[in-house]
Amino acid sequence: MSTLEEKLHEKIPGEDTGIVTRNSFCDVCAPGPHCGVTCYVKEGKILKVEGTDGHPTNHGLLCPKGQANRQYVYRKDRVLTPLRRVGERGEGRFEPITWEEAWAEIVPRLNQVKETYGPSAAAFYSGYNKWYRPFLQRLCYSFGSVNYGTESSSCFTSTIMSWRLATGADFAAPDLAHAGIFLGWCYNAYYSAYLMPAGVEKARARGMKVIIVDPRITPAVEKQCDLHLRIKPGTDCALALGLARELIVNDWVDHAYIQENVHGYEAYRTYVMDFPPARVEELTGVPADQIRLAARMIHENMPLAINQSGAAMVHHTNGMQTHRAVMALSALMGTYDRPGGMIPAPLTYAHSMAGFTTLDHEFPFEKYPKDAPRPVGAVRFPLWDEVVGEMQGCDLARQITQGLPYPVKALWAHGMNFRMFNGDRELERAIKELDFFVDVDLFLTDSAKLADIVLPCCSSFERSEFKVFGGGFGQWTERVIEPLGQSRPDDEILCELARRLDLDDSLLRAGPEACVRYILRETPVDVDFLKANSQFPQKLEGVKVIPVGEHGFATPTGKFELWSTIIEKHRGLDPLPTWKDSVDAASPAEYPFRLVAGARLPTALHSRLHDVPWLRSMRPQPMADLNSADAARMGVRRGDLIELRTSAGAITVAANPTRRVKEGTVHMYHGYREADVNSIVPAGHNDPYSGFPGYRSVRCAVVKKEG
Ligand SMILES: Nc1nc2c(c(=O)[nH]1)N[C@H]1C(S)=C(S)[C@@H](COP(=O)(O)OP(=O)(O)OC[C@H]3O[C@@H](n4cnc5c(=O)[nH]c(N)nc54)[C@H](O)[C@@H]3O)O[C@H]1N2
Ligand SMILES: Nc1nc2c(c(=O)[nH]1)N[C@H]1C(S)=C(S)[C@@H](COP(=O)(O)OP(=O)(O)OC[C@H]3O[C@@H](n4cnc5c(=O)[nH]c(N)nc54)[C@H](O)[C@@H]3O)O[C@H]1N2
Ligand SMILES: [Mo]
């Protein structure tokens, strides 16, 4: 029998130790996984965390980021009270104030901007966090502003545009359980989605084949791959078109599916004939034989499922078109909305893929302002505006600075991080020019230091929240600990703002629970039952899920549009998914490398974990990965300081020579304050279709620093 001291040391729950376990979920990364987390709590403090046994998402597992939740929640720079700036913007001098004092300052200043410049002069922005977004969007529209926007205008929404243009659906996921071949385009799941490889492994065990398209040798390439196409970053569109050509000339495509469901096949067929294997090899660096082999493997192992890459594929100036070109393969092979192919799914409450519909869309849009101007980004990125209709965050700096086509003077943000955009110093400067800036964050970040008022929000462990999980599960969580200091959940802050602004919005004013009940109103989800069983996700019985094969096409032609009748109306944009190299126009002689900014590290999540000690200890210095042969040629060894220089500037980082990255490329993770890679991704290096930054193909020089 252990002594009490031993039990305390081992953190064993019990009456004698005073330690209890309570379940919540991890909100460090989102929105896909949201792994179940069991917290060991004593006297209101979390002592340790572990994955929740039997949880439908993570089955007791946690990734390194999830394991570090205790250090994340108790990060030293947690904001514990509302703060008012007393120094210059960015200096970091604040005084603590009460919530009453904060509202007394916020309300008149937001109203003043509204009265002077019109409601859309106030923009409402959310960083990576998804869970409170429906509240923020509705509040923005109720305020009368059209400028609701999020970090997803650099993340996922370009893929949504691609799907909407092609099929009318928001999203489609690979049906690994029934696929014969998985085209793992930009598939890096061991690092970016750690639960996914298990599904791939299971399918491989029953014979599914895997092709991975990635310039790097990732763990997935080593463990789960039958054919690795080691492509030059930013050239994927050419490879997709080349594969299509091979499938067509060998007569391996699904004519019956195309006949019935595809619009624009003839034009597309003519276009892809310009991409024979030899040319594609020249453009992409993938050997012609491998292109032929890949096409044959697809033909011999149908049905075809494709990785739905959130980021790497669309972080290019031809990214949206590239995504269309890749997903077009599912139309050619007849596997869109077919078993083993790409299964469309709605993005439901708080962007969790529950697979059933709610009143997510109606909740904000019933308040959409009438007779308002178009949101930020609409003039520069008109296709984005037509297909998405939100503020394109990548154009915010320009509009603040130029005041065109109308001024933006105030910013209310949840988790603003200027470092996440290309040419980020422009956004930092623009924010400094604002009349009024409020940032709601857990931490006093460098972006929060630019704010007039900082409001403290809390983590998932400190709030109660409705959550859906894949497979049709729902949970209404309870607080595991009380909110630290005076921090509050974002949804409560937003509902309070609606009350304080006296908005004509009885639903928001009624509070978060009333809003969630409204969003779920037409589903059989039993909120009271979930609240009474808050410790574990419950199967949601009776929710309506559209069967595979019955989704149809909500496009103007009612078909899968290879030729987009929406893009057709936009001058200067191509209705077919056309090829263009995504690299910038700087001189290749001066900048011989291709910089890829941001391939995921298992221990980082954008900026938010760089200050978490356990995770930082794995890669203490900002480090760039470059190919060992390139490094040897320059006499660069591991840990040497190198300068990465682009047409936009330079940063100094440590070198990590590795065989894993392709010769001629450098990979550098983002979000470091001391080596901010987005400061050297040129401003304006954006995709004209989506507005997305071309983070992942920038011409770059690598110079060894002496001493
Ligand atoms: N070079 C390069 N740049 C990139 C990318 C890349 O690959 N390369 N990736 C892009 C992509 S895909 C993304 S998604 C973006 C992400 O970019 P951001 O959204 O800016 O990511 P973070 O810095 O993690 O998070 C923003 C802030 O949200 C705060 N936060 C965390 N939880 C909460 C919460 O519940 N409420 C509130 N109010 N705040 C919270 C965090 O403390 C942090 O300060 O970066 C983009 N930028
Ligand atoms: N650990 C961790 N996990 C994360 C995140 C994180 O920051 N850290 N971020 C989350 C977010 S917001 C997102 S959007 C997703 C992104 O998820 P992913 O898209 O999977 O992210 P990455 O690992 O950046 O990119 C995937 C792979 O694409 C390769 N790649 C880079 N450029 C190119 C290219 O031009 N062509 C091809 N074919 N491949 C290329 C990279 O080498 C990498 O192996 O990850 C999520 N998961
Ligand atoms: Mo993202």
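I count a polar contact as a pair of N or O atoms within 3.5 Å. The model I am working from is predicted.

**Entry 1: ligand 1, contacts**

I looked up Asn678 under that cut-off. An N or O atom in the side chain of Asn678 lies 2.7 Å from a nitrogen atom of ligand 1. I then took Tyr695, where a side-chain N or O atom is 3.1 Å from a nitrogen atom of the ligand. For an oxygen atom of ligand 1 I noted Asn417, which places a polar side-chain atom 2.9 Å away.

How much of the accessible area of ligand 1 does the protein cover? On its own the ligand has 920 Å² of accessible area, and the protein covers 99% of that.

**Entry 2: ligand 1, shell**

I listed the surroundings next. The ligand is surrounded by 34 residues, and the closest are Tyr128, Asp490, Arg600, Ser607 and Asn678. By class, I get 14 nonpolar, 13 polar and 7 charged residues in the shell.

Lys130 lies over the face of Tyr128, at 3.9 Å from the ring centre. I also noted Lys45, which sits over the face of Tyr74 at 4.1 Å from the ring centre.

**Entry 3: aromatic pairs**

I searched the whole structure and found 19 aromatic pairs.

Why is the pair of Phe135 and Phe363 edge-to-face? The planes of the two rings stand at 75°, and over 60 degrees counts as edge-to-face. Their centres are 5.9 Å apart. Phe135 belongs to helix α5 (residues 133-143) and Phe363 to helix α16 (residues 362-365), so this pair ties together parts that are 228 residues apart in sequence. I find both Phe135 and Phe363 buried.

The second pair is Tyr141 with Phe365. Their ring centres are 5.5 Å apart with 50° between the planes, and the pair is tilted. Tyr141 lies in helix α5 and Phe365 in helix α16, so here the parts tied together are 224 residues apart in sequence.

Are Tyr141 and Phe365 buried or partly exposed? Tyr141 has a relative accessible area of 2% and is therefore buried, the cut-off for buried being under 20%. Phe365 is partly exposed, at 31%.

Last, I looked for a cluster around this pair. Tyr141, Tyr148, Phe365 and Tyr368 form one aromatic cluster.

Terms used
Residues are numbered from 1 along each chain as its sequence is written. Chains are lettered from A and ligands numbered from 1 in the order in which they are written. This is a predicted model: local features need pLDDT of at least 70, side-chain atom pairs count only at pLDDT 80 or more; totals for chains, interfaces and linings use all residues. Side-chain values use heavy atoms; hydrogens and water are left out. A residue is near a molecule or strand if one of its heavy atoms lies within 4 Å of it. A polar contact is a pair of N or O atoms within 3.5 Å; within protein, one must be able to donate a hydrogen and the other to accept it, and residues adjacent in sequence count only if both atoms are side-chain atoms. Accessible areas come from the Shrake-Rupley method with a 1.4 Å probe; for residues, only the protein chains shown count as cover. Ala, Val, Leu, Ile, Met, Phe, Trp, Tyr, Cys and Pro count as nonpolar, Asp, Glu, Lys and Arg as charged, and the others, Gly among them, as polar. Rings of Phe, Tyr and Trp (its six-membered ring) pair if their centres lie within 6.5 Å; planes under 30 degrees apart count as stacked, over 60 as edge-to-face and the rest as tilted. Helices (H or I, at least four residues) and strands (E, at least two) are DSSP runs, numbered from the N terminus. Buried means under 20% relative accessible area, exposed over 50%, partly exposed in between (1.4 Å probe, protein chains only). A charge sits over a ring if NZ of Lys or CZ of Arg is within 6 Å of the ring centre and within 35 degrees of the ring normal.
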